[in-house]
Amino acid sequence: MQNDTVSIDQLEDQLIDHPDAKTRIQLNAETLDEAFQKKLNARAEQIANQNAIFHDAEDGTDEMESSNGRREPPVTIKNNLPYKNVEVETFETQVSEWFVSHDYEILQLKSLKRDKSTNQEVQKLIEELGNDIKDESAIGNVEIWRTLLYFALGEYHECTSVSQQTESMKKNLRSLHDLGISEFIAVFVKRLTGNNEVDDLTLFMVITIHYLLIITSLHSETKYTREMSTIMHKHGILSHLFSFVSQQAKSQHRTRNYLKIIKHLMLLQFGTQSHLASTMSFLNNLHGIEVDTDSKSLTCSPLQYFTIRENLMDKYPSYPLSQTGKSPKVENHYGFFMAANTFSNSLSNLLENPRPNRAHTAQTQLPAQTVHIATPTPTPPSVASEFMSGGEKIRKSYQINQGMPFIYPTDGLTAIPKAVDEAYNIFSSAVKEDLVSQQFWDERQRFMKQERGFAEESNNTTDDKYRYSPSLLEKYQENTEEINSLLRIEDFYEKNLADFYDFISLLVEIINVSKIDYPLTYAEFELNRAIAGEAHYDDISPEKLRLYIQKEAEIIAVKEITLKTISGIVDILLTWFKVSHILKCHHLTSVLYDQQYFEALFEFLNNCFDNNNIQIRKSEVDGPGVTWVYQNRLLNPQIEIPDFNFFTVCLERQVDNYQYLFINKVPLSDIPFDKTTNERTLETFNYNACAAIDHLLRIADEILIDNMSQRVFVLNELKPTDVLKAIVTNYQNDRIITSILNILKKLVPYQGRKWKASNMDIISIIYLKCDLSLKDDWLSGKDLESDFNTAYEQEIALRGLLQFFNMRHYPKQMEELGYDLSKVPRLDIEIDDTYV
C-alpha cells in the first residue's frame with residue numbers, strides 16, 4: 001500500500017466504487033468482508049510502523065516502555081501555561097507601569113524636595129489648592145504640586161527598600177485623602193485635561209497623584225474604597241476621561257496614562273468579578289429567575305424549546321402537547337412569538353428565529369409522503385446484485401421528510417411513540433430562561449409592536465423594568481453596592497454612547513501598532529555585549545548603544561502594557577453591559593465588528609507566533625515549525641529594563657552585570673514532566689502578553705453572537721482556525737482555551753467535511769470543555785444554506801433593534817450620531833370615509 005494516510009472512505013472506494021485490477025482479483029478469490037478485513041489489517045500495520053519512528057528520536061521524554069520490554073506509542077504531554085488573570089495587580093506593578101524613562105526627566109525625581117513634610121504642612125498646601133479652585137482658570141502652583149507629588153511618592157529619599165517605599169506611599173496617600181485632596185484633585189483633572197495651554201509637567205504631576213490615589217483605594221479597606229468611588233462618580237471623572245481620550249487620543253501623548261486611570265476607575269466604580277457575581281445574584285432575585293448553580297443537568301433555551309415544539313406539532317398534529325414544568329410566562333412568550341413569526345415576513349423575525357424542520361433546506365427538497373402504509377404495493381423487481389456490472393454502487397436515499405405529518409397507523413392508545421413523548425417532557429421541564437433572554441425578548445417584543453404599528457410611542461420607558469432607577473436604593477437597602485454599580489453603568493452608557501466608535505478605533509489602532517517589528521534577538525545580544533564593555537561598532541560607545549537599544553525595548557514593553565490596559569477596559573465594559581442590559585453589550589460588539597476588529601486581532605495573533613523577530617533557531621534542523629512552540633509572545637520572557645524601573649531610579653540603585661533575556665531558549669522537551677499525569681508546567685511566560693491575548697479573545701467571543709451568522713462568515717474568511725488550533729493543541733490554560741473553544745464552536749458548522757475529519761481532536765475538546773445543551777446542532781444539523789441566505793438580513797435586523805433601543809432610552813445621545821426623530825417628516829394622510 002501507499003505510505004499516505006488512507007481513510008475508511010478511501011478503502012470503501014477501492015473495494016466498491018472504483019476497484020483496481022489487484023482488488024478485482026481479491027474480490028474474485030474472497031468475499032467482500034474478507035478483502036475489506038485484509039486491507040484494514042494492512043493499514044493497521046502501516047500505522048504501527050509509523051509510530052515506531054517516534055521512538056528513534058533523541059528526546060526520550062515522550063517515549064514509554066511497557067513491562068515486557070515492548071515500546072509503546074508516544075504519549076501526549078500537556079503543557080500547562082500558569083497564567084491567571086489578576087484584576088487588581090500588585091501595588092508595585094501598578095506604580096512601575098505608570099512611568100517610563102522619559103517621565104523621570106520631566107519630573108526631575110532626583111531634585112524633588114528631600115525634606116519630610118508634616119501633616120500640618122500638607123494640609124496647608126491642600127487648603128491653598130482649595131482656594132485656587134474658586135478661580136476657574138487657576139491650575140495650582142507648580143511648587144505645591146511638586147511637594148505633594150514627593151509626599152505621594154512616599155518621600156523616597158528617606159527609604160532604603162522597595163517595600164518600605166510602597167508602604168510609605170500607601171500611608172501618605174491615605175493621609176492625603178483624609179485631608180480632602182480627592183475632591184480637589186478631581187476638579188483639577190477635569191480642568192487640566194480640557195486646557196491645551198497647560199504645560200506637561202503640571203499636567204503629569206496632577207494625573208500622577210490622581211492615579212496613585214485611585215490604586216491606593218483599590219488596595220485599602222472597604223470604607224476608603226467607597227469614599228473614593230463616590231467622589232469620582234460625583235465629579236464624573238470616568239465619563240469625562242473616556243470622552244476626552246476617545247476624541248483627542250491622537251493629539252495627546254499622555255493617552256497611555258489616561259487609559260490606566262480609566263481602567264482602574266472602572267474597577268473602583270463598577271467592581272471586580274466577585275462584586276459582579278453578587279450583582280448578578282441580586283438581579284436574578286429581583287426578576288424572579290431561579291439559578292441552580294450546583295445542578296449539572298442539561299438545559300435548553302426558550303428558542304430551542306419552541307423549535308422542538310414546532311417540530312412535534314408538524315410531525316404529530318393530533319398530539320396534545322403537555323405543559324409539564326412550564327411557567328405561564330414562557331407559554332405566553334411562545335404564543336406571541338410564534339404568532340409574530342407566522343403571520344409576518346418582517347426582518348425582525350430573523351432575530352431569534354426558531355427554524356423548525358419544515359423550514360430546513362434539505363427537508364424542502366424531499367418529496368411528501370403521498371402513499372399510506374396500508375396501500376398495496378407491487379412486488380419489487382428482482383435484481384441480481386445491488387452493484388451494477390461496472391462495480392458502481394447504486395446509492396438510494398431513505399430520508400423521510402420530517403416536516404410532514406406522521407402517516408403510519410398507531411395502536412389507537414397513543415398519538416405518538418412513547419420515546420418522543422418522553423423527549424418532549426424532558427425538553428419542556430429543562431427550559432432555562434436567564435436574564436439575558438428576558439432582556440432580549442422584552443425589547444424584541446416592543447420592537448415588533450412598534451414595527452407592526454401596534455404601539456404609538458417608541459420612547460416610553462416608564463414601564464421598562466430593566467432600566468434601573470435610584471428608587472431601588474430605598475427598597476433594597478441591603479444591596480446598596482450592587483444597585484450603585486448598576487446606576488453607574490447606566491450613567492456611563494448614557495453619557496458616553498457617542499464615544500464608543502472613536503474609542504474602539506483607538507483600540508484597533510493600538511492592536512495594529514503592537515506587533516513586534518524590532519529584532520529582540522539583536523537587542524538581547526547587543527545589550528549583553530554592551531554591558532560587558534564590548535563595542536560592536538567603532539563609531540559608537542557601549543553606553544550609547546545600550547541606551548539606544550534599551551529605549552527600543554522599552555517601547556515594545558510599553559505598547560504591550562497599553563494593549564493589556566485598553567483591551568482590559570473593553571472586556572470590563574462588555575462584561576458589565578451584559579449585566580445591565582444585553583443590548584448595550586450587543587451595541588458595543590457591533591461597533592467592534594464595524595471597526596474590523598477581527599482583521600486586526602488575527603494579524604496580531606499571527607505576528608505573536610510566526611515572527612522571526614522573536615525567535616532564534618538553535619540549529620539548522622530547527623525550523624519555524626519547531627521554534628514557534630516555545631519562542632512566541634506567550635512564552636518569551638517579559639521585557640524588563642532594570643535601569644528604567646521606577647523604584648530603581650527613586651532609590652538610586654546601581655544595576656551591574658544584568659543579563660537581558662528577551663527570547664525563551666528552553667525547548668519544551670527540556671522541561672521535565674510528571675509521568676503520572678503527563679503534564680509539564682511552563683515556568684517562563686509573559687504575563688502582559690498573556691493578559692492582552694486573553695482579553696482580546698474574550699472580546700472576539702462576545703462579538704460572535706449566538707444565532708447570528710454574518711459575523712461568523714466574516715471571521716471564517718480570515719481562516720482563523722490554524723492559529724487557534726495551534727494554541728489549543730500546544731498549551732493548557734482554562735481561561736484562554738475556553739475563549740478559543742467558544743470561538744471554534746461557532747466556526748465548526750461552517751467548515752468542510754475534510755476539516756472536521758482531520759480535526760476530531762479539537763471537536764472532542766469542545767465537547768469536553770464547552771457548555772452543552774439538550775439540543776446541540778453545532779456539529780451537524782444546521783441549515784447552512786439558509787444561514788448563508790439570511791445572514792446579512794439578520795445583521796440588519798439586529799442593527800434595527802439596537803437603534804430602536806438606543807432611540808427609546810437615549811434620544812439626546814443619538815442626536816450626536818445623526819439620529820433625530822424630530823427631523824423626520826410625518827406623513828399625514830386623509831382617508832376618505834367612502835372607502836372605509
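## Salt bridges around glutamate 795

Arginine 799 and glutamate 795 join their side chains in a salt bridge, with N and O 3.0 Å apart. The model is predicted. Both residues sit in helix H35, and because they are 4 residues apart, about one helical turn separates them. Arginine 799 is partly exposed, because its relative accessible area is 25%, and that value falls between the 20% and 50% cut-offs.

Glutamate 795 also forms a salt bridge with arginine 711. Here the closest N and O atoms are 3.1 Å apart. Arginine 711 belongs to helix H30 and glutamate 795 to helix H35 (residues 784-809), so this bridge ties together parts 84 residues apart in sequence. Arginine 711 counts as buried because its relative accessibility is 0%. Glutamate 795 is buried too, at 7% relative accessible area.

## A salt bridge across the chain

The salt bridges in the model number 30. One of them pairs the side chains of glutamate 89 and lysine 564, at 3.0 Å from N to O. This pair links distant parts of the chain, 475 residues apart. Glutamate 89 is in the loop between strand S3 (78-80) and helix H4 (91-98), while lysine 564 is in helix H24. Both glutamate 89 and lysine 564 are buried.

The pair does not stand alone. Glu89 and Lys564 are linked with Glu97 and Lys260 in a network of salt bridges.

## Helix H22 against helix H24

Two packed helices are described by the angle between their axes and by the distance between those axes. For helix H22 (residues 500-513) and helix H24 (residues 542-580), the axes come within 10 Å. They cross at roughly 145°. The crossing of H22 past H24 is left-handed.

Which residues of H22 meet H24? They are Phe500, Phe503, Ile504, Leu506, Leu507, Ile510, Ile511 and Val513.

Histidine 275 is part of helix H14. It counts as buried because its relative accessibility is 16%, and the cut-off for buried is under 20%. Leaving out residues up to four places away in sequence, histidine 275 touches Phe270, Glu481, Glu482, Ser485 and Trp576.

Glutamate 816 lies in helix H36 (residues 811-816). With a relative accessible area of 62%, glutamate 816 is exposed. Its C-alpha is 6.5 Å from that of alanine 498. In sequence, glutamate 816 and alanine 498 are 318 residues apart.

## Positive phi in two loops

Glutamate 155 is not a glycine, yet its phi is positive, at about 50°. This residue is in the loop between helix H7 (142-152) and helix H8 (162-178). Is glutamate 155 buried or exposed? It is buried, with a relative accessible area of 4%.

Lysine 719 is another residue other than glycine with a positive phi, near 50°. The loop here runs between helix H30 (710-716) and helix H31 (721-730). Lysine 719 is exposed, because its relative accessible area is 66% and the cut-off for exposed is over 50%.

## A nonpolar surface patch

Leu298, Tyr767 and Leu772 form a nonpolar patch on the surface. Together they have about 240 Å² of accessible area. Leucine 298 comes from the loop between helix H14 (273-286) and helix H15 (302-315). Its relative accessibility is 41%, so leucine 298 counts as partly exposed.

## The whole protein

The protein has 36 helices and 4 strands. Of its 836 residues, 49% are buried. Its accessible surface comes to about 43,200 Å². Carbon and sulfur atoms account for 50% of that surface.

How many of the contacts between residues at least 6 apart in sequence join residues at least 24 apart? The share is 80%. The bridge between glutamate 89 and lysine 564 also links distant parts of the chain.

Key. Residues are numbered from 1 along each chain as its sequence is written. This is a predicted model: local features need pLDDT of at least 70, side-chain atom pairs count only at pLDDT 80 or more; totals for chains, interfaces and linings use all residues. Side-chain values use heavy atoms; hydrogens and water are left out. Patches are made of residues with over 30% relative accessible area and no salt bridge: like charges are joined within 9 Å, nonpolar side chains (Val, Leu, Ile, Met, Phe, Trp, Tyr) within 5 Å. Accessible areas come from the Shrake-Rupley method with a 1.4 Å probe; for residues, only the protein chains shown count as cover. A salt bridge is a side-chain nitrogen of Lys or Arg within 4 Å of a carboxyl oxygen of Asp or Glu. Buried means under 20% relative accessible area, exposed over 50%, partly exposed in between (1.4 Å probe, protein chains only). Axes are lines fitted to C-alpha atoms, for helices over the stretch in contact, and angles run from 0 to 180 degrees between N-to-C directions. A crossing is left-handed if the near helix is turned anticlockwise from the far one by less than a right angle, and right-handed if clockwise. Contact means heavy atoms within 4.5 Å.
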